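Here is a short tour for anyone meeting this structure for the first time. Have the sequence and the 3D view open, and hop between them as you read.

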Amino acid sequence: MPLVLPFHLGHRQQAIDERRRAHARAGLAESGLAGPLQNYTIRMASIFDGVLDAPVQALVRREGQLLVELRETLDREQTEPRRRVDELLAGLDDLFTVVIVGEFNAGKSSLINALFGVKLRVEGPVPVDDRISLLRFGETQNQKQISEFVVEQFYPIEFLRNITLVDTPGTNSIVQRHQEITEDYIPRADLVLFVTSIDRPLSESERKFLEYIREWGKKVVFVLNKIDTKSDADADQVVEYLKTNIRQIFGFDPVIFPVSALTRARFDALEQYIFHVLSEKERVRIKLQAPLEGIQSIAAKQTAMIDSRREMLASDKERIESITAQLGKARDDLQGNFRQFVARIDNLMMDLERRGVDFLGRYIRIQHVMLLRDSVRFREEFDRQVFQGFKGNVDATIQESVDWLVRENMKLWNGTVEEFHRTARRDARNEEVVGRVGREFAYNREEVYSRMRKETEQRLASYDVNIESRRIIDNAMRAVLQSFGLGAGALGFGYVITSIFSSMALDVTGLTAATMLLVTSFLILPYKRSKAKTEFQQRIDELRTTMRESLVRESSTEIDRMLQSITAAFDPYERFYTTQSDKIERFAAKLHDIQEQAREIAIGIERL
């Protein structure tokens with residue numbers, strides 16, 4: 001009675017059975033395999049059934065548990081890596097499996113026939129089979145069609161009692177399906193017998209297929225076939241060629257058996273390896289090592305993905321920090337440029353001061369005594385000569401400066417966020433980038449960017465330049481009005497200034513009808529004139545200072561408010577960065593722990 005390991009009743013077998021039931025519900029036969037092999041369901045005897053060695057049993061349990069742990073660690077969106085883990089789990093239940101692969105005319109079928117001394121496989125110069133053939137032990141010779149692409153063949157050959165031999169279609173067949181069928185069975189292999197012809201050793205298609213096999217971490221033994229067509233010296237030269245290139249390209253020293261399946265030349269070494277070196281102990285060791293190599297292969301790809309995610313997050317973070325630094329520089333530039341408008345307004349005020357002083361100097365004189373006695377006429381003349389064009393000029397300059405500030409802020413907002421989004425869109429459409437970091441990670445990142453972009457667009461859509469300009473001007477005017485004790489309701493800076501100084505025009509003279517009657521000398525007029533000019537200058541200077549401070553303060557407040565809004569627009573990504581960074585580091589730590597456990601198991605296997 002086969003020994004049933006406790007782990008077979010655990011999570012691993014349950015996961016495999018559930019996956020098979022899911023395929024059945026979908027109208028597919030239970031399989032555990034995707035693609036062309038998804039109808040293959042037969043539960044084979046395990047190499048470990050009947051193995052009573054306690055260390056082996058313990059290693060099998062640890063290995064199965066580790067594979068389940070790896071599967072649960074992987075993101076659900078990583079369907080291919082999870083499928084690979086499922087295949088490795090399923091492989092633990094199988095007999096030791098040798099998969100024979102090679103180009104369609106490399107001599108795979110003739111090699112099998114030569115090994116067993118009987119014609120088990122059909123040979124031909126063109127692809128003759130598009131199915132996976134599972135060669136198993138049976139008391140009588142027969143076969144069973146497992147699926148459209150898998151046939152199970154039974155032979156009364158003792159060697160097959162403990163080993164399943166798998167014959168595959170050619171890897172370079174013009175029938176693309178043959179290649180797919182072969183690739184889909186590689187995950188089940190414990191040992192890959194790679195048959196290559198001495199006519200074209202290590203062809204391009206073979207090199208690519210070897211890369212695929214090595215991705216699964218499978219042990220590969222090479223058979224260089226058809227050496228009867230070359231001299232011994234040529235055969236030895238080709239063997240050296242294979243060793244050198246495989247070492248350089250794939251980084252391992254290959255085991256190569258040069259043979260002739262047709263004449264059985266140099267066949268002894270291959271037979272010795274297959275029928276004797278692959279003893280039960282060696283098969284158990286290889287069987288246990290195969291999933292570990294798969295784990296390390298998967299972990300290496302996951303580590304590369306982790307590094308890519310870290311790199312992308314670091315790049316995003318660096319870009320945001322660069323934007324923040326640029327915003328600081330933009331703040332200084334905006335304030336510096338705005339001061340040019342403040343200077344223009346200050347020049348208008350200085351020109352107003354010059355005209356006011358000139359007016360007072362010319363009209364507070366005895367020859368204009370009649371004008372001085374008529375306050376209405378005096379005020380009208382003051383407004384006409386001093387304020388002519390001033391109200392329009394100062395209001396237009398202030399409006400121009402504030403409009404410029406608002407537009408520049410909008411441009412800065414739009415340009416900054418848009419540049420960030422442009423990079424995100426470029427990455428999201430780059431399949432190479434998505435492939436490196438994982439589709440779910442790329443999707444979540446794009447979702448954050450889309451949310452940021454949507455909020456930005458909503459903000460800009462609701463941003464009314466006229467309203468924002470009016471708000472800034474009103475805040476600046478409020479400070480000026482409060483400074484001069486005036487109430488709200490003025491129509492503009494020009495109106496405020498005119499109101500202040502036209503009402504002051506008579507006050508600063510101190511001239512009334514009674515005063516004029518007492519004028520008996522010319523001494524009082526020079527005094528009044530000097531006092532009026534001094535007070536006018538003082539009020540102008542006070543107003544210039546107030547306006548300058550008010551405009552600088554309001555512009556700085558507006559610039560800071562806009563920059564803070566731009567910075568806040570990146571808050572969703574900051575949260576994404578923190579969350580993903582934590583997730584990545586937890587995943588990396590878990591992956592590292594799994595790799596360490598795999599190394600410990602590997603040490604245990606070496607000690608068997």
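Let's start at R264, which counts as partly exposed because its relative accessible area is 35% (buried means under 20% relative accessible area, exposed over 50%, and partly exposed in between, using a 1.4 Å probe and protein chains only). You'll find R264 in the loop between strand 8 (255-258) and helix 8 (267-277). Helices (H or I, at least four residues) and strands (E, at least two) are DSSP runs, numbered from the N terminus. R264 isn't a glycine, yet its phi is positive, at about 65°.

R266 sits in the loop between strand 8 and helix 8 too. R266 also has a positive phi, about 55°, without being a glycine. With a relative accessible area of 34%, R266 is partly exposed.

## What you're looking at

A word on the model: it is predicted, so local features need pLDDT of at least 70 and side-chain atom pairs count only at pLDDT 80 or more, while totals for chains, interfaces and linings use all residues. Residues are numbered from 1 along each chain as its sequence is written, and side-chain values use heavy atoms, with hydrogens and water left out.

Zooming out, the protein has 19 helices and eight strands. It has 608 residues, of which 51% count as buried. The accessible surface comes to about 28400 Å², and 51% of that belongs to carbon and sulfur atoms (areas come from the Shrake-Rupley method with a 1.4 Å probe; for residues, only the protein chains shown count as cover). Among contacts (heavy atoms within 4.5 Å) between residues at least 6 apart in sequence, 76% join residues at least 24 apart.

## The sheet

In what order do the strands of the open sheet line up? The eight strands go 3-4-2-5-1-6-7-8, with mixed pairing. Two strands pair if DSSP finds at least two bridges between them. Strand 3 (142-145) and strand 8 are the edge strands, each pairing on one side only. On average, neighbouring strands of this sheet are turned by 20° against each other, direction ignored. As a general point, strands of a sheet pair through backbone hydrogen bonds, either parallel or antiparallel.

Strand 1 (residues 96-102) has parallel pairing with strand 6 (residues 191-197) over five bridges, and G102 stands opposite V195 in strand 6. Strand 1 also pairs with strand 5 in the parallel sense, over five bridges; there, T97 stands opposite T164. Strand 2 and strand 5, on the other hand, run antiparallel and are joined by three bridges, with L135 opposite L165 in strand 5.

How many of the residues of strand 5 are buried? Five of its five residues are. In a regular strand the side chains alternate between the two faces of the sheet. In strand 5, I163, L165 and D167 are buried on one side, and T164 and V166 on the other, so both faces are covered.

Helix 4 (residues 108-116) packs on the sheet, where it touches strand 1, strand 2 (132-137), strand 5 (163-167), strand 6 and strand 7 (219-225). The direction of helix 4 makes about 150° with that of strand 5. Helix 6 (residues 204-215) lies across strand 1, strand 6 and strand 7, and runs at about 175° to strand 6. Axes here are lines fitted to C-alpha atoms, for helices over the stretch in contact, and angles run from 0 to 180 degrees between N-to-C directions.

## Helix 9 and its partners

The axes of helix 3 (residues 79-91) and helix 9 come within 10 Å and cross at roughly 170°. That makes helix 3 roughly antiparallel to helix 9 (under 35 degrees counts as roughly parallel, over 145 as roughly antiparallel, 65 to 115 as roughly perpendicular and the rest as oblique). The residues that meet include P81, R84 and L88 in helix 3, and K287, G294 and I298 in helix 9.

Further along, I320 lies in helix 9 (residues 280-363). Is I320 buried or exposed? Its relative accessible area is 4%, so I320 is buried. Leaving aside neighbours within four places in sequence, I320 is in contact with F420, F570, Y573 and E574. I320 and Y573 are 253 residues apart along the chain, yet their C-alpha atoms are separated by 9.4 Å.

## A serine in helix 19

Last stop: S581, in helix 19 (residues 571-606). S581 counts as buried because its relative accessibility is 17%. The side chain of S581 reaches the backbone oxygen of Y577 at 2.7 Å.

Notes
Polar contact = N/O pair within 3.5 Å; in protein donor to acceptor, adjacent residues only side chain to side chain.
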